[in-house]
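Please load the model in your viewer and keep the selection panel at hand. The tour below goes from one selection to the next and says what is there at each stop.

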Amino acid sequence: MSRATPGLRRTGSALRGPVVALLISGLIACGPRQPPPPPPPPQVGVIVARAQTVPLTRSLVGRLSATRSADVRARVAGVLQKRLYTEGSDVKEGQALFQIDPAPLRAALDGAQAALAQAQAQATNAHIAAQRARELVPSGLVSRSDLDNAEATERATAAAVQQARAAVGTARINLGYATVTAPIAGRAGQQGVTEGALVGQGTATLLTTVEQIDPIYVNFDQPAIEIQRLRRQQSNGAVTVANANQATVQLLLEDGTPYAHTGTLDFRDMSVDPATGAVALRAIVPNPDHVLLPGMFVGVRLTSGALNRGYLVPQAALQRDGNGPYVLIAGADDKVLLKRVSVDGLQGQDWIVTEGLADGDRMILSGTQNAHPGSKVLAVPYQAQAASEAGGVAATAAK
């Protein structure tokens, strides 16, 4: 019987170790595989809902108008000599604005005064004659008929004096009208007629207009349905409506800049315009710098009261679908809940929610794309999450 050589025995021993290791690893690979750990829940930023008193503000469009406007007209006939003011400047009440040629009017006054003097002389003569007749009647030198005639002449001449005196007053008034003055204080407009034109002939010619613009009116409309809703909410205690003179108005200029002064509501119409279904309102606003001009269109923020219990919800937290607005809430077990809400306009950048939320609700503000009703999330305060994300972005940029 042949024996194996020592070299072959050593080779077999050397191969046995790796083969055994390979067989063991194969057996391990064929065993049961462990499932991977579940992914962590998505992180969302939340803010806590708190009920508060929220001002009831409506955004409307208004148009400005002067609080007082007066037409300056020529009240006597004559030739316009000159303009005495600067067009577009502020004038005081009683300030001279135009000069009409006073010469004919002064001559008329002189004639009236002369007629008055003549009437007074005739009245004096008639009075002396009547007095003499009354003294001679008892002696029979003057008949009763002559006395009656003398007294009648006395009365007629006295009446003529009164008439002449009234004519003098009229002539003096007309002469005063030759200097046309401002009926109110305000800003005088453009000149209506030029110098040398005949004015006041037959009709009172319009010379210019004076408008008082400090303070100034803003006229706007509010839908009647909103007013009715406010009254219903007031009746059930949901809102507190301010009185007419306590409702405030904030104006926005045409470029969106807030106006520096706040106005108050001073008029609300008692009827509804059938063409628009709105109620006419008017507010009065200070205008010391004359920034606001009649005819301008402005934005109007009317604060007519306060919502006694409301929630301010950031725009990112409120979503809408075919059934209306809703808010995603991180529940007590960190599961996402969907809550339908009622919205009552905007307050700055936040929605005003009147129904559907409760104090302590954690509203999901960020990460909503990963939050689905019924799913679990990791809720962190929104400000902390925003700071963490900002730090991560900065670190990445630094790398």
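A charge is taken to sit over a ring if CZ of Arg or NZ of Lys is within 6 Å of the ring centre and within 35 degrees of the ring normal. With that in mind, and remembering that this is a predicted model, select Arg-83 together with Tyr-85: Arg-83 lies over the face of the Tyr-85 ring, at 5.8 Å from the ring centre.

Tyr-85 belongs to the loop between strand S3 (78-83) and strand S4 (90-91), whereas Phe-98 belongs to strand S5 (residues 96-100), 13 residues apart. Tyr-85 counts as buried because its relative accessibility is 5%, and Phe-98 is buried as well, with a relative accessible area of 0%.

Next, select Arg-320 and Trp-351, where Arg-320 lies over the ring face at 5.2 Å from the ring centre.

Move on to the largest pocket, which has a volume of about 330 Å³, and select Thr-57, Ser-59, Arg-301, Leu-346 and Gly-348, which lie nearest its centre among the 14 lining residues. The lining divides into five nonpolar, six polar and three charged residues. Strand S2 (52-73) gives the most to this lining, with five residues.

Finish at Asp-361, in the loop between strand S19 (350-355) and strand S20 (362-366). Asp-361 counts as buried, because its relative accessibility is 11%. Leaving aside neighbours within four places in sequence, Asp-361 is in contact with Ile-47, Val-48, Ala-49, Ile-329 and Lys-339.

Note on methods: Residues are numbered from 1 along each chain as its sequence is written. This is a predicted model: local features need pLDDT of at least 70, side-chain atom pairs count only at pLDDT 80 or more; totals for chains, interfaces and linings use all residues. Side-chain values use heavy atoms; hydrogens and water are left out. Helices (H or I, at least four residues) and strands (E, at least two) are DSSP runs, numbered from the N terminus. Buried means under 20% relative accessible area, exposed over 50%, partly exposed in between (1.4 Å probe, protein chains only). Contact means heavy atoms within 4.5 Å. On a 1 Å grid over the protein atoms alone, a cavity is a set of points where a 1.4 Å probe fits but cannot get out, and a pocket is an open set with protein on both sides within 12 Å along at least five of seven lines; lining residues have an atom within 4 Å of a point. Grid points are joined across faces, edges and corners, and a volume is the space filled by probe spheres set on the points. Ala, Val, Leu, Ile, Met, Phe, Trp, Tyr, Cys and Pro count as nonpolar, Asp, Glu, Lys and Arg as charged, and the others, Gly among them, as polar.
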